[in-house]
Amino acid sequence: MGILDGIVEWIAEQVMAGLDLVTTSVLGALGCDMAVFLRYFPAAETMYSVFVALAIGIILLNWVWQLFKNFGLGAGVEAEDPVKLSIRSVIFILLTLFSDEIVNIVLTIGGTPTTGSWSPTFLH
């Protein structure tokens, strides 16, 4: 049984080495870096611009709609305070405009969890 145990142990080591290679290459290729993601998927930058423009348009549309609801206050329509509504809308427009930078800051703080010293040894 010594030879069979040696063969099984060698096969298990090769399988673990293969899994380690695959895991390391995938995490290295698609880590938490947006520049790498944009290199593999260049259309994502154009789609990001379209989504930001669409989001700002929807926020502005909601802002105008809510402000026009204030004209119906005499008819019993409930509406929000225009100052609070305007402040909230401007905050969300700014968050939408700077969402790329916010995501990059969060990814810098969080990073890839497998690159830290606390990660399991089989992922290194």
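Which helix has the lowest mean confidence in the protein, and which the highest? Helix H2 (residues 34–40) is lowest, at a mean pLDDT of 74, and H4 is highest, at 94. This is a predicted model. H4 also supplies the largest share of a nonpolar surface patch. One salt bridge turns up in a search of the whole structure.

**Confidence**

- The average pLDDT of the protein is 79.
- A score of at least 70 is reached by 76% of the residues.
- Residues 117–124 fall below 50. Beyond near neighbours in sequence, this stretch still has twelve contacts in the model.

**Helix H3**

- H3 covers residues 43–69, which is 27 residues.
- Its end C-alpha atoms lie 39 Å apart.
- Buried residues in H3 are Ala44, Val52, Ile56, Ile59 and Gln66.
- An α-helix has 3.6 residues a turn, so residues three or four places apart point the same way.

- Thr96 sits in helix H4.
- Its relative accessibility is 15%, so Thr96 counts as buried, the cut-off being under 20%.
- Leaving aside residues up to four places away in sequence, Thr96 touches Tyr48, Val52, Ala55, Ile56 and Ile59.
- Among these contacts, Val52, Ile56 and Ile59 are also buried residues of H3.

**Nonpolar surface patch**

- Helices H4 (82–97) and H5 (99–110) each contribute at least two residues.
- Eight of the patch residues come from H4.
- Val90 has a relative accessible area of 39%, so it is partly exposed, between the limits of 20% and 50%.

**Salt bridge**

- The side chains of Glu80 and Arg88 form a salt bridge, with N to O at 2.5 Å.

**H4 in brief**

- H4 has the highest mean confidence, 94.

Conventions:
Residues are numbered from 1 along each chain as its sequence is written. This is a predicted model: local features need pLDDT of at least 70, side-chain atom pairs count only at pLDDT 80 or more; totals for chains, interfaces and linings use all residues. Side-chain values use heavy atoms; hydrogens and water are left out. Helices (H or I, at least four residues) and strands (E, at least two) are DSSP runs, numbered from the N terminus. Buried means under 20% relative accessible area, exposed over 50%, partly exposed in between (1.4 Å probe, protein chains only). pLDDT is the predictor's confidence in each residue, from 0 to 100. Contact means heavy atoms within 4.5 Å. The expected span of a helix is 1.5 Å times one less than its number of residues. A salt bridge is a side-chain nitrogen of Lys or Arg within 4 Å of a carboxyl oxygen of Asp or Glu.
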